[in-house]
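Trainee: I would like to go through this model feature by feature. Please give the rule for each feature before the case.

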Amino acid sequence: RAAVLAEKQEKIDAEWKVQQAEKKRKKELELKQKHLLDQRMAFEAAQKKTQDEAAAKAAAGEGDVEMKTEGEEAKKEEEEVKKEEVKEEEKKDAEMKQEPEEPEETEPPKAELDEEEQKLWFLPRPVTDMVSTVFNTTFTEFTLPDTEEDFAEIRYEWAQELAAKEYMRSWMQAKKITTRVEDLSPSEWFSQRIGEWQRLQNDWQTKQKEFKSDLVRQQAALDR
């Protein structure tokens, strides 16, 4: 059970690391998108402010008096954008400080054995000791050691003799229900019947092909 628990904990640790990396990636992406959105809003606000000022000057008749070159206007607009960006950054930092951050998990959750795993006596392995075809054809002949086999001594370390025999019996019954029968073969009666059916099917297919190739018979069938 300790080995099963260790393997389960190793799997949980690997999944937890992947989840933490994904959370970090998503958080960085959200911050980047928010920063880009703030910059865009600041630029649009500064651009709108410049346009409003230009419109106000034109309406007051100041546009003809205070002529400025395009370079000066661009420089002023850039300065306004920078000011707005600084304001947005300060606002963003204030919001991040106010928002309560979720407590980060510093350790992965602890693995626990479920009810079925608690009943395990043997560590499951992805690679079996026997090839499946060999196992499926021989497992019904498995037996426990017996005194009639001239063993000097038989010791049951994990369970007593009766418990071991009961475990062996229930294990074999479960395997008989779920294991494929490799040496199953059809009877002589079935072989005869399937042979007759195949011959009959071949005759029907031959007649169908002959009918499709004979246009006169097809026309006669349509005229009926």
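The dialogue below takes up aromatic pairs, salt bridges, a surface patch and residue contacts.

Mentor: This is a predicted model, in which local features need pLDDT of at least 70, side-chain atom pairs count only at pLDDT 80 or more, and totals for chains, interfaces and linings use all residues. Residues are numbered from 1 along each chain as its sequence is written, and side-chain values use heavy atoms, with hydrogens and water left out.

Trainee: How many aromatic pairs does the structure hold?

Mentor: Rings of Phe, Tyr and Trp (its six-membered ring) pair if their centres lie within 6.5 Å; planes under 30 degrees apart are stacked, over 60 edge-to-face, and the rest tilted. The structure holds six such pairs. In one of them, Phe135 and Phe142 have ring centres 6.0 Å apart and planes at 65 degrees, so they are edge-to-face. Phe139 and Trp171 are also edge-to-face, because their planes stand at 85 degrees, with centres 6.3 Å apart.

Trainee: Which parts does the pair of Phe139 and Trp171 tie together?

Mentor: Helices are DSSP runs of H or I with at least four residues, and strands are runs of E with at least two, numbered from the N terminus. Phe139 lies in the loop between α4 and α5 (161–178) and Trp171 in helix α5, so the pair joins parts 32 residues apart in sequence. Ring pairs link Phe135, Phe139, Phe142 and Trp171 into a cluster.

Trainee: Is Phe139 buried or exposed?

Mentor: Buried means under 20% relative accessible area, exposed over 50%, and partly exposed in between (1.4 Å probe, protein chains only). Phe139 is buried at 4%, while Trp171 is partly exposed at 24%.

Trainee: How many salt bridges are there?

Mentor: A salt bridge is a side-chain nitrogen of Lys or Arg within 4 Å of a carboxyl oxygen of Asp or Glu. The count is seven. Among them, Glu22 and Arg25 meet at 2.7 Å, N to O; both lie in helix α1 (residues 2–60), three residues apart, about one turn. Another joins Glu196 to Arg193, with the closest N and O atoms 3.8 Å apart.

Trainee: Where is Asn136 found, and with which residues is Asn136 in contact?

Mentor: Contact means heavy atoms within 4.5 Å. Asn136 is found in helix α4 (residues 132–138) and is buried at 16% relative accessible area. Leaving aside neighbours within four places in sequence, Asn136 is in contact with Thr179, Arg180 and Glu182.
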